Amino acid sequence: MKRDSVNLDAQLAASRIVFGVFGFAFAGIGITILGFLWLTPFDQFGSPPLFFRIVGSFIALVFVAMGRTTFVAAILGKRLQPSGADFDQFNATKMEDAANAPAAPLSPLNYCCSNCGAKLGKESDVSPLGDVKCTFCNQWFNIHRPASGT
């Protein structure tokens with residue numbers, strides 16, 4: 001059990017390092033573009049026009065925001081904003097609800113052959129006593145008796 005936790009810690013550390021590097025690179029690209037666009041002197045040869053400075057700034061700000069958020073989340077190792085419900089608690093609640101839910105009533109589509117387990121088709125003819133012939137294995141079975149595997 002202890003070996004599993006060490007392996008899990010190594011995997012989490014590796015993923016945090018990878019996301020930290022990507023976040024740092026994205027933020028660096030955005031800051032570099034912003035610096036180039038606005039620190040280049042106006043009205044000189046090769047300087048970007050005002051339109052490209054504004055549009056480029058919007059794109060660079062997206063890089064900075066995404067990079068910063070990814071980098072900080074990788075460093076801190078937790079969510080930046082509190083969420084409404086913890087995923088594990090939400091998942092456990094859904095599992096409990098599914099376990100406590102009543103079984104779905106049997107419909108003609110839920111019946112299975114007791115020999116091969118094939119589902120009963122919509123076009124199958126069932127006798128008034130529940131006898132039906134499986135279209136897959138050609139064996140007779142009764143829908144009122146449980147399958148032999150259950």
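This is a predicted model: local features need pLDDT of at least 70, side-chain atom pairs count only at pLDDT 80 or more; totals for chains, interfaces and linings use all residues.
**Whole chain**

Start with the cartoon view. The chain has three helices and two strands. Read from the N terminus, the order is α-α-α-β-β. Now colour by burial. Of the 150 residues, 17% are buried.

**Stop 1: the loop between α1 and α2**

Select D43. This residue sits in the loop between α1 (2-39) and α2. Check its backbone: phi is positive, about 55°, although D43 is not a glycine. Is D43 buried or exposed? D43 is exposed, because its relative accessible area is 79%.

**Stop 2: a nonpolar patch**

Select W38, F42, L50, I54, F58 and L61, and show their surface. Together these residues form a nonpolar patch with about 620 Å² of accessible area. Which helix gives the most to the patch? Helix α2, residues 50-76, does, with four residues.

Keep F58 selected. F58 belongs to helix α2. F58 counts as exposed because its relative accessibility is 57%, and the cut-off for exposed is over 50%.

**Stop 3: the cavity**

How many cavities of 30 Å³ or more does a search of the whole structure find? The search finds one. The largest cavity holds about 40 Å³ of space.

Five are nonpolar, three are polar and two are charged.

**Stop 4**

Select G130. Look for it in the loop between α3 (87-100) and β1 (131-133). G130 counts as buried because its relative accessibility is 1%, and buried means under 20%.

**Stop 5: the loop between β1 and β2**

Finish at N138. Where does N138 lie? N138 is in the loop between β1 and β2, the latter spanning 140-142. Turn to the backbone again. Phi of N138 is positive, near 60°, and the residue is not a glycine. For a side-by-side view, bring back D43, whose phi is also positive at about 55°.

Note on methods
Residues are numbered from 1 along each chain as its sequence is written. Side-chain values use heavy atoms; hydrogens and water are left out. Patches are made of residues with over 30% relative accessible area and no salt bridge: like charges are joined within 9 Å, nonpolar side chains (Val, Leu, Ile, Met, Phe, Trp, Tyr) within 5 Å. Accessible areas come from the Shrake-Rupley method with a 1.4 Å probe; for residues, only the protein chains shown count as cover. A salt bridge is a side-chain nitrogen of Lys or Arg within 4 Å of a carboxyl oxygen of Asp or Glu. Buried means under 20% relative accessible area, exposed over 50%, partly exposed in between (1.4 Å probe, protein chains only). On a 1 Å grid over the protein atoms alone, a cavity is a set of points where a 1.4 Å probe fits but cannot get out, and a pocket is an open set with protein on both sides within 12 Å along at least five of seven lines; lining residues have an atom within 4 Å of a point. Grid points are joined across faces, edges and corners, and a volume is the space filled by probe spheres set on the points. Ala, Val, Leu, Ile, Met, Phe, Trp, Tyr, Cys and Pro count as nonpolar, Asp, Glu, Lys and Arg as charged, and the others, Gly among them, as polar.
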